[in-house]
Amino acid sequence: MELENYRNFLAIIEAGSFTGAAECVHLAQPALSKQLKALENYFGTKLIITQRGSRQLILTDAGHILYQKAKYICSLEDLAKMEIDSVTGGAIGTLRISAANSRSSLFISNVLKDFHLQHPNITYEIYEGGITDQVQQLLNGITELGIFSVPITHENNFEVLFRRKEELFAVFHKDAPQINNADTDIKLASMAEIPVSISAGCWELLKQRHSELPALKHIVCISTTRSTALQWAIDNIAAAIVPAEPEENLGPQLIKKKITDPDIRLFKTIVKVKDRPLSVIAQKFLKFYAQKRNSQQVCNLEELLRRERI
């Protein structure tokens, strides 16, 4: 199947109409319709349904699958061109990363800022989302590297490259009536009667691993993002339970206390899809990260990069 057919299929979906796609790709509508028909004949099923009397396009289940795979297929050609440009003209291209919600700002400050100073011609696509979104972005080839703040789902599909210990914190407004400023640590049992907001990743972690979870009797909110969980603390409605790095400053209004229950272990990990080659840009980044950050190197990075060059 011609790569142009996949690119134009993506254009139809992203434009939302044959007319809009035709304008974007500078191709007549009948030619676009013919390419779509060729795809449907090739895969033996309908990919797009057009409702009579409506300009709306509806993707079938097969269409949804092909949309994700076509993005990956087309990205491979783009990736090949960028890698060749990198080899012939220095580090030029795009680094695509899936990051946990609300963690990108810290990652930019601590890592990407200095990497960008070394390689100013690299651009970045950072996709934020929950763990389910991150997994799908990586598996579908939309991103190359994932930064996870909760335990990995679909573990068999991923290779862990780096691991960095994080802590679980209870975060209070500085004027919260329940706060004891003399204590720097806290246990979950002592939060039994305190209103709590919690990020979904931490909620899943505690459900799976902690015997004292019933002690949290007043859960106000379970949210997809860490920033939403923290907002309840900022507004002095509830204490937030979120992951954070020990030195991370969450703002002048908030005081964080490390949760010291012994069976809670939390790691931030950097992962790639198993057996999927990395771009030259991603390889440069991993070498930089190994030198820049005090993270445990789970993989043999030299061996991994040697395999990538074969």
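What follows is a run of questions about labels, each checked against its definition.

Student: What am I looking at, and how many helices and strands does the protein have?
Tutor: This is a predicted model, in which local features need pLDDT of at least 70, side-chain atom pairs count only at pLDDT 80 or more, and totals for chains, interfaces and linings use all residues. Residues are numbered from 1 along each chain as its sequence is written, and side-chain values use heavy atoms, with hydrogens and water left out. The protein has 10 helices and 13 strands; these are DSSP runs numbered from the N terminus, H or I of at least four residues for helices and E of at least two for strands.

Student: What makes strand 3 and strand 4 a pair?
Tutor: DSSP has to find at least two bridges between two strands. Strand 3 (residues 93-100) and strand 4 (residues 122-129) have 8 bridges, in the parallel sense, so they pass that definition. Serine 98, for example, stands opposite tyrosine 127 in strand 4. Between the two strands, the chain goes through helix 5 (residues 104-118), and this β-α-β crossover is right-handed. That word applies if, with the strands pointing away from the viewer, the path from the first strand over the helix to the second runs clockwise.

Student: Which strands pair with strand 12, and in what sense?
Tutor: Strand 5 (residues 145-148) runs antiparallel to strand 12 and is joined to it by 3 bridges. There, glycine 146 has valine 271 as its bridge partner. Strand 6 also pairs with strand 12 in the antiparallel sense, over 8 bridges, and arginine 164 stands opposite lysine 268.

Student: Why is strand 12 called mostly covered?
Tutor: Buried means under 20% relative accessible area, exposed means over 50%, and partly exposed is in between, with a 1.4 Å probe and protein chains only. In strand 12 (residues 266-273), 8 of its 8 residues are buried. In a regular strand the side chains alternate between the two faces of the sheet. Here Leu266, Lys268, Ile270 and Lys272 are buried on one side, and Phe267, Thr269, Val271 and Val273 on the other.

Student: How do you know whether threonine 225 is buried or exposed?
Tutor: Its relative accessible area is 19%, so threonine 225 counts as buried. Threonine 225 sits in the loop between strand 9 and helix 8. Leaving aside neighbours within four places in sequence, threonine 225 is in contact (heavy atoms within 4.5 Å) with Asn101, Ser102 and Ser199.

Student: And which label do lysine 34, histidine 26 and aspartate 275 get?
Tutor: Lysine 34, in helix 3 (residues 29-43), is at 65% and counts as exposed. Histidine 26, in the loop between helix 2 (18-25) and helix 3, is exposed at 73%. Aspartate 275, in the loop between strand 12 and helix 9, is exposed at 78%. Histidine 26 has a positive phi near 55°, and aspartate 275 a positive phi of about 60°; neither is a glycine.
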